[in-house]
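Visitor: I am new to this structure. Please give me a close look at one part of it.

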Amino acid sequence: MDVALISDSHIPSREHEIPPSFRERIEVADHVIHAGDFDSKGALADIRHMAAGLTAVSGNIDPQIGLPERATVELGGVTFVVTHGTGSQQGWADRVAAAVREEADSTAVGVAGHTHELADIVYEGVRLLNPGSVTGASPADRPTMLTATVEDGTFDVAEHEL
């Protein structure tokens, strides 16, 4: 199963669209995880239209779009806990790892955005993924995303940047 992991679209306030090569990755994925900060109902609708399946959460600028603050999804035998990671950059890993522990066990993977920085780390025994900003919205200096190939409880992650 191919999964596209994206976050921090910020459309239309900071950027106008997702880059075409990233749109292609989203459209061919079996499932898309978006870790919040769509910025508008239109951006959410656009992702829904592109995605074969979607798990999404609200970000700190998304109170009007009606998504939960956290979501948990099992894909290919791997549990993903999705949250935005809202708060100061310092403490991001603490907040996201705590969310994973509250929603699932430590074998689950945390997916969060907010910092606009691409990351794939293990923090206190919990794997945390941050796809950065799919549009390269400030403070990011380039568009980034992650893809994962998930099968039988294991997965490989690839980083993509423009």
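Visitor: What percentage of the 162 residues in the chain is buried? And how is the sheet of five strands put together?

Guide: Buried residues make up 53% of the chain's 162 residues. Buried means under 20% relative accessible area, exposed over 50%, and partly exposed in between, with a 1.4 Å probe and protein chains only. This is a predicted model, where local features need pLDDT of at least 70 and side-chain atom pairs count only at pLDDT 80 or more, while totals for chains, interfaces and linings use all residues. Residues are numbered from 1 along each chain as its sequence is written, and side-chain values use heavy atoms, with hydrogens and water left out.

The chain holds three helices and 10 strands. These are DSSP runs numbered from the N terminus: helices are H or I with at least four residues, strands E with at least two.

Now the sheet. Its five strands stand in the order β4-β5-β6-β8-β7. The sheet is open, and its pairing is mixed. Two strands pair if DSSP finds at least two bridges between them. At the edges stand β4 (70–75) and β7 (118–123). Each has a single partner strand, so one side of each lacks a neighbour in the sheet. On average, neighbouring strands are turned by 20° against each other, direction ignored. Axes are lines fitted to C-alpha atoms, for helices over the stretch in contact; angles run from 0 to 180 degrees between N-to-C directions.

Asp-120 stands opposite Leu-129 in β8. Helix α3 (residues 92–103) packs on this sheet. The helix touches β4, β5 (78–83), β6 (109–111), β7 and β8. Contact means heavy atoms within 4.5 Å. The direction of α3 makes about 120° with that of β8.

Elsewhere, β1 (residues 2–6) and β2 (residues 31–34) run parallel, joined by four bridges. Val-3 stands opposite His-31 in β2. In a regular strand, side chains alternate between the two faces of the sheet. From β2, His-31 and Ile-33 point one way, Val-32 and His-34 the other. All of these are buried.

Last, the chain as a whole. Its C-alpha atoms fill a box of roughly 35 × 35 × 30 Å along the principal axes. Of the contacts with a separation of 6 or more, 57% join residues 24 or more positions apart.
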